[in-house]
Amino acid sequence: MSKPVLLVTRRLPENVEARASRDYDARLNLADTPTTPAGILAASVGADAILCCTSDRLDAATVSALPASVRVISTFSVGTDHIDLAAAKARGIPVCNTPDVLTEATAELSMLLILAAARRAGEGERIVRADAWTGWAPTQLMGRQVSGKRLGIFGMGRIGQALARMARGFNMQVNYRNRSRLSPELEQGAVYHDNDASFLAVCDVLALNAPGGAATMKWLNAERIAMLPKGAVVTNAARGTLVDDEALIAALRSGQVSFAGLDVFAGEPAIHPGYRELENAVLLPHLGSATIETRDAMGHLALDGVDAVLAGRLPGNLVV
Ligand code: DGY
């Protein structure tokens, strides 16, 4: 019996591709060429399923034009803002994602951004690499201590809660802003704010961990940045679309924001060029979930979703 056809849009970890090829007539992207909507449409002709990634754009026009053969889209990501979910729903194409398995890795990366930004790790690394280090000096690259400071987490979902747990290890006082208040068991002493002004006023460090999409578009704008304590540290391990880049760059120049750690960017990989000129910004290439363990788990969970839908079962990781 012939196997169902699975389009895999990008290179995946070896054992995930091996499973895909074992169970499906897998169309792999061995060259790992970034996709375009037109390329996805051409490659999906005759495909039963698509395993895509956060770097693929499945907008409304693309989803609407997918061949009738496509019965499921499973994304190798927890975020689904690259897929027009309403269009998928209208087409009756279920969409699966990879929740839970990347929580710890992404929280680790958020903590790394906080430490790297506040302790000027990027600047220090550049000096050593450039052979420009003249030796230890009492006033060299003094950053901000984060231990004992007030951390504000915008978006207290799984990743935000994991970050809060890690930050408590640094004796940080956790505040959070979220669509709704968590139960005391989940809050673990974190302070909930029901408005931006009271939340931002206590953010010595502001960590963005909320999903992208229309509801959070440019949430961190000039008006909200002005509500932060002067010299706050800002990190973003969520989506670049949460930030008004012009406003954050201006604040990094003026000192309203002392340091930023950014792993995600609007329009990435074509980031706002202003960031590259700023020594006080640590810039990473969307590494949140990039651990061997997590990427394996993401691949297997994405495949579980495809398996379930094609077998007529309800996937545990169904989004719509
Ligand atoms: C996600 O899963 O949404 C990340 O941004 C990609 O790993």
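Okay, let's start with helix 6, residues 121-129: its buried residues are G122, E123 and G124. Keep in mind that what we're looking at is a predicted model. So what covers those buried residues of helix 6? The cover includes helix 5, which is residues 103-118, along with strand 11 and strand 12.

Now on to the aromatic rings. Searching the whole structure turns up three aromatic pairs, and I'll walk you through two of them.

Take F154 and W219. Why do we call this pair stacked? Well, the ring centres sit 3.8 Å apart and the planes are at 15°, and planes under 30 degrees apart count as stacked. Where are these two in the chain? F154 is in strand 6, residues 150-154, while W219 is in the loop between strand 9 (205-208) and helix 10 (222-225), so this pair ties together parts that are 65 residues apart in sequence. Both residues are buried: F154 has a relative accessible area of 9%, and W219 has 7%.

Next up, F265 and Y275. F265 and Y275 both lie in the loop between strand 11 (257-262) and strand 12 (281-283), so here the parts tied together are 10 residues apart in sequence. Are they buried or exposed? F265 is buried at 9% relative accessible area, and Y275 is buried too, at 1%.

Notes. Residues numbered from 1 in each chain as written. Predicted model: local features only at pLDDT ≥ 70, side-chain atom pairs only at ≥ 80, totals over all residues. Heavy atoms only, no water. Phe/Tyr/Trp six-rings, centres within 6.5 Å; stacked < 30°, edge-to-face > 60°. Helix = DSSP H or I, 4+ residues; strand = E, 2+ residues; numbered from the N terminus. Buried < 20%, exposed > 50% of the residue type's maximum accessible area, 1.4 Å probe, protein only. Contact = heavy atoms within 4.5 Å.
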